[in-house]
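Hello,

Here is the structure you are taking over. Please open it first, then read the notes below.

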Amino acid sequence: MDLRLLLIAALSAVLGGSWAEERSICIQANAQSCGECIQVSQMCGWCTDENFLNVGESKSARCDDVESLKKKKCKEIENPRGSIAITKNEGVTIRNKDVNVKLKPEDIIQIQPQKLSLTLRSGEPQTFDLKFKRAEDYPIDLYYLMDLSYSMKDDLENVKNLGTDLMKEMQEITSDFRIGFGSFVEKTVMPYISTTPARLINPCSGNQNCTSPFSYKNVLKLTKKGDEFNRLVSQQQISGNLDSPEGGFDAIMQVAVCEEQIGWRNVTRLLVFSTDAGFHFAGDGKLGGIVLPNDGKCHLENNIYTMSHYYDYPSIAHLVQKLSEHNIQTIFAVTEEFQPVYKELKNLIPKSAVGTLSSNSSNVIKLIIDAYNSLSSEVILENSRLPEGVSLSYKSFCKNGVQGVGENGRKCSNISIGDEVSFKISVESNKCPLDGKPEVITLKAQGFNEEVKIILNFICDCECAKKGVPDSQKCNGGNGIFECGACKCNEGRIGRECECSKDEVRTEDLDANCRKDNGTDICSNNGDCICGTCECKKRENPAEIYSGKYCECDNFNCDRSNNKLCGGHGRCECRKCICEANYTGSACDCSLDTSTCLAKNGQLCNGRGICECGICKCSESKFQGPTCEVCPTCPGVCTEQKDCVQCRAFGEGEKKEKCQAECSYFNLIKVPRREDLPQPTDQSFPLTHCKEKDANDCWFYYTYAITKNSTKEVYVVEKLDCPSGPDIIPIVLGVVAGIVLIGLALLLIWKLLMIIHDRREFAKFEKEKMNAKWDTGENPIYKSAVTTVINPKYEGK
């Protein structure tokens, strides 16, 4: 099942949909011919049986999903399918550069197959496998495009020996390598350069000797002669301009489109763009009065771009288109300062790389080798412009089991020389072209000249249409073409058999044929009267259908049960339920199966009711449950059988006097011990264990069971389990000992509390004693009895 069908199925599941909803695509399309039907979806088929339609059904009822048509007993169904035919499938080239046999570039194959023819039906994808293998020793053409503005003076010195050095390095990759050289500065108009006569001869200031400014110059056509590269580059001189951005885009455009002048072959094409500045792009030419958009054509005369003053700079999108068309992979060798700008440009140009150029271009060879390895290690598929309604999807199978889908399905990374990767490509059409003619699309890997040619053929009509009979007598005497089991009416005619003109569709005479029993309703208000015949309306749910000569029947207005039409156990025909086997009733809600009424004892409704429509109706209201086994108000089996078991086993109990008359309905078996009673696992019928007490508080144990043949059995332990009397002496001694122990415990507790209280009081006394202070001061009212008097005139002599 393809992705489209899976998506439809998943959507139906999410929405709670059913098979009827899936087929609604075909029915709701209201297709009037086989060709229209097969364009709706790949699920749709057209019934070509001449007598397929029922009374009241329109011609479009012939269009439905195939399974539905088979269920409606259609014998011949038109359901054309798409196909794939591989018309060119040469194997990929296995080549080694050490082998003496040299192949022409056009003889090397890296992609397989090369040509296919697909037959597409709307909604049905066709999937094929595509293989890609990087060939060893694959030829390379490298064109070095250099900025010769004054700021690149020191870089030119290092590039002068680039030819032979790069040739040497590239010999490790390929034995077939060619190199070319071109240079650029800027448009030769103000304000990009100075147009004074002196500056046009030498744009540099001071004593610097510079060449006249130019836009782009093809210095050396692609060649295998590295020394020729060195010689011509050595003769180059620096030029100059006024503004910082350069006219590099003009040069790139000419390098891309002038294939003959540059000498490009159909091999790996590398363009190395070397600069230390930014770039002008579309619109900047207006500063110099240039308003004509770049025409994307070659304008080299004597290897010099002659229209720089006439055409504006190309846009980035225009460059992307031309580089892709000519399979050119671009390497931007720029200084550190402009890395961010060119990295953004790289994101816009497929199959391009950015390398950091040292200030004097001394690392240019390593930069080129690294960039080439990076570009060639990634395979990215691209396709040409697709016809309207056609879509492609990719799935990649790369190294180490890595898979990708969506945009990642187009590419594989880390591919080395000799590695093989594969892709699954699905092509799908959702409409037929207006002219129905075949279309051609191409696939290729970016940066490679090889491509896969795919011819698309569209299934726009059914095979049976070719056998159609024009002006058939079956179509009301020649008013249409009889094809695919139905009439395809001529212009202005309608009806299943083209029996009416559009001008006479609604007349009173014709409407009378659409009224049932001469009533007032036309087609029971469920259809339209077309040419005196009812064509029933279609409902939003395609599973719901009006039918009958007067559209008086339908398959959705029958009785329901549990919110299901006909209880889910029948089909609705003309508003009446046709029930399945084992079901009856107006809504097929009455089951004739009695298995749901069987109780655990194997009896229907436990012998206490009747089974109606698979549900027990209990004869007594006290019995409940699905099988009348539940009785909330009943005493229970054990309590119910207690008196009879007691009187028969032990000759005691309330029924002792009338035991023989009332308690002989079961078989009594005595066992010596409780362990000998039957266990539930030993029986194949329900068993109840009981434990009851008699008037003397003695226990007796028994089991009660009803066997499969409805015999009641009671197993009883023959000895009563009576409790023994208590021993008085230990009880008395225990009570006395308890009283004594409680008394001792209380005395100990009282003694402990007293000790604690005394210690607290003593500690309090000691604390107060230590805090006491004794005052040693004199009495304030005390006066001494001794008075001392000193003679003031006494001098101590």
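pLDDT is the predictor's confidence in each residue, from 0 to 100, and this is a predicted model. Over residues 1-22 the pLDDT stays under 50. For that stretch the model has 22 contacts beyond four places in sequence. The protein chain as a whole averages a pLDDT of 84, and 91% of the residues score at least 70.

Helix 10 covers residues 248-257 and helix 12 covers residues 316-325. Their axes lie 9 Å apart, at an angle of about 25 degrees. Angles under 35 degrees count as roughly parallel, so helix 10 and helix 12 are roughly parallel to each other. Their crossing is left-handed. On the helix 10 side, the contact is made by Phe249, Ile252, Met253, Ala256 and Val257; helix 12 supplies Ile316, His318, Leu319, Lys322 and Leu323. Of the residues in this contact, eight are nonpolar, one is polar and one is charged.

The other pair is helix 7 (residues 162-170) and helix 9 (residues 226-234). Here the angle is about 150 degrees and the axes are 6 Å apart. Angles over 145 degrees count as roughly antiparallel, and helix 7 and helix 9 are therefore roughly antiparallel to each other. Leu162, Gly163, Thr164 and Met167 of helix 7 meet Gly226, Asp227, Phe229 and Asn230 of helix 9. The residues of this contact divide into three nonpolar, four polar and one charged.

Regards

Notes
Residues numbered from 1 in each chain as written. Predicted model: local features only at pLDDT ≥ 70, side-chain atom pairs only at ≥ 80, totals over all residues. Heavy atoms only, no water. Contact = heavy atoms within 4.5 Å. Axes fitted to C-alpha atoms, helices over the stretch in contact; angles between N-to-C directions. Helix = DSSP H or I, 4+ residues; strand = E, 2+ residues; numbered from the N terminus. Parallel < 35°, antiparallel > 145°, perpendicular 65-115°, else oblique. Left-handed = near helix turned anticlockwise from the far one by under 90°. Nonpolar A, V, L, I, M, F, W, Y, C, P; charged D, E, K, R; others polar.
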